[in-house]
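Have a look at the model below before reading on. We'll walk through it piece by piece.

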Number of protein chains: 2
Amino acid sequence: MDADKVFKALGDPTRRKLLDLLCEKNGQTLGQLCENLEMARQSATQHLGILEAANLVSTVKRGREKLHFINPVPLHEVYERWVRKFERQRLSLLHDLKKELEGDEQ
Amino acid sequence: MDADKVFKALGDPTRRKLLDLLCEKNGQTLGQLCENLEMARQSATQHLGILEAANLVSTVKRGREKLHFINPVPLHEVYERWVRKFERQRLSLLHDLKKELEGDEQ
DNA sequence: TTGACATGCAGGCATCTACCTGCATATTAT
DNA sequence: ATAATATGCAGGTAGATGCCTGCATGTCAA
């Protein structure tokens, strides 16, 4: 997993909307996805290319159409590496801050 | 939670390293964090400012020092909104793609 | 008080990003 | 075959980003 590509891909509202659209209905064509975006088709293509480079979306060509599918695997890996790690220490991390704040008051 | 700020904050290797550093030892000063980065102190300040704006880091002033603490809450919220959603449909999403690929072969 | 230390603030610069337009290619339908 | 449809590819531009340097401010210690 390339954390950089995944986070950068997720760091744009248009691309997050594309993932949501695909979550509602998987396997949509570029044209279908564009109907829900207010930008030129070529711009959407670029966004989908970034999602594909991050492995968040896979595509299949069907005739002159290109179908887009979500790949949930990188999201899970992001969770394992970047959320669970901090999640596990959640209480102790907040404890550190609370302790520091209390120390400040003394 | 501001998903845009959180993902953009996470979309930079320096900032992810800062989070890792704080995970190893919470409550570090700017100077301590800088020792582990190969860039000017002012650049690190900017990165920490972005992490703070995304609410991923909280700071406390202690004399002339500034202590930095991880705030794991936004990460959890990101997980709830952007990972679990797709995680729940993980198998069915992959099924959609598999089905499409099989259909292509027929 | 004065010098050393930790951090803040402002401006400049190269690069990246997200958008666009214009045109090319490939597939389907008449 | 030809027209309509779906997508690909190649620049071009305004604004965001990440880095820097130089200087200012605030705090501690001798």
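Which elements do the buried residues of α1(B) pack against? They pack against α1 (3-10) and α5 (73-88) of chain A together with α2, α4 and α5 (73-88) of chain B. Packing here rests on contacts, and two residues are in contact if their C-beta atoms, placed from the backbone, lie within 7 Å.

Some ground rules before going further. This is a predicted model, where local features need pLDDT of at least 70 and side-chain atom pairs count only at pLDDT 80 or more, while totals for chains, interfaces and linings use all residues. Residues are numbered from 1 along each chain as its sequence is written, and chains are lettered from A and ligands numbered from 1 in the order in which they are written. As for the element names, helices (H or I, at least four residues) and strands (E, at least two) are DSSP runs, numbered from the N terminus.

In α1 of chain B, residues 3-10, the buried residues are B:Val6, B:Phe7, B:Ala9 and B:Leu10. Buried means that 20 or more other C-beta atoms lie within 10 Å of the residue's own; with 12 or fewer it is exposed, and in between it is partly exposed, with C-beta atoms placed from the backbone. If you look down the axis of α1(B), these buried residues fall within an arc of 160 degrees, so they line one face of the helix. The arc is that of the directions from the helix axis to the C-beta atoms.

Now for chain A as a whole. Six helices and three strands make up its secondary structure, and from the N terminus on they come in the order α-α-β-α-α-β-β-α-α. The chain has 106 residues, and 29% of them are buried. Take the contacts in chain A with a separation of 6 or more: 52% of them are between residues 24 or more positions apart.

The three strands of chain A form an open, antiparallel sheet in the order β1-β3-β2. Two strands count as paired if DSSP finds at least two bridges between them. β1 (28-29) and β2 (57-62) of chain A stand at the edges with a single partner strand each, so one side of each has no neighbour in the sheet. Between β1(A) and β3(A), residues 65-70, there are two bridges, and A:Thr29 sits opposite A:Leu67 of β3(A). Helix α2 of chain A, residues 13-24, packs on this sheet and touches β1, β2 and β3 of chain A, its direction making about 90 degrees with that of β3(A). For such angles, axes are lines fitted to C-alpha atoms, for helices over the stretch in contact, and the angles run from 0 to 180 degrees between N-to-C directions.

Chain B has an open sheet of three strands too, in the order β1-β3-β2 with antiparallel pairing. Its edge strands, β1 (28-29) and β2 (57-62), pair on one side only. Here B:Gln28 has B:His68 in β3(B) as its bridge partner. Helix α2 of chain B (residues 13-24) lies across β1 and β3 of chain B, at about 90 degrees to β3(B).

Most residues other than glycine have a negative phi. A:Asn55, in the loop between α4 and β2 of chain A, has a positive phi near 65 degrees. With 17 other C-beta atoms within 10 Å, A:Asn55 is partly exposed.

Finally, the DNA. Around DNA strand C there are 20 residues, and the closest are A:Ala40, A:Ser43, A:Gly63, B:Thr29 and B:Gly31. A residue is near a strand if its C-beta atom, placed from the backbone, lies within 6 Å of it. α4(A) gives the most to this surface, with four residues. By class, the surface near DNA strand C has three nonpolar, 10 polar and seven charged residues. In that scheme Ala, Val, Leu, Ile, Met, Phe, Trp, Tyr, Cys and Pro count as nonpolar, Asp, Glu, Lys and Arg as charged, and the others, Gly among them, as polar.

DNA strand D is also surrounded by 20 residues, with A:Thr29, A:Gly31, B:Met39, B:Ser43 and B:Gly63 the closest. On this surface, α4(B) gives the most, with four residues.
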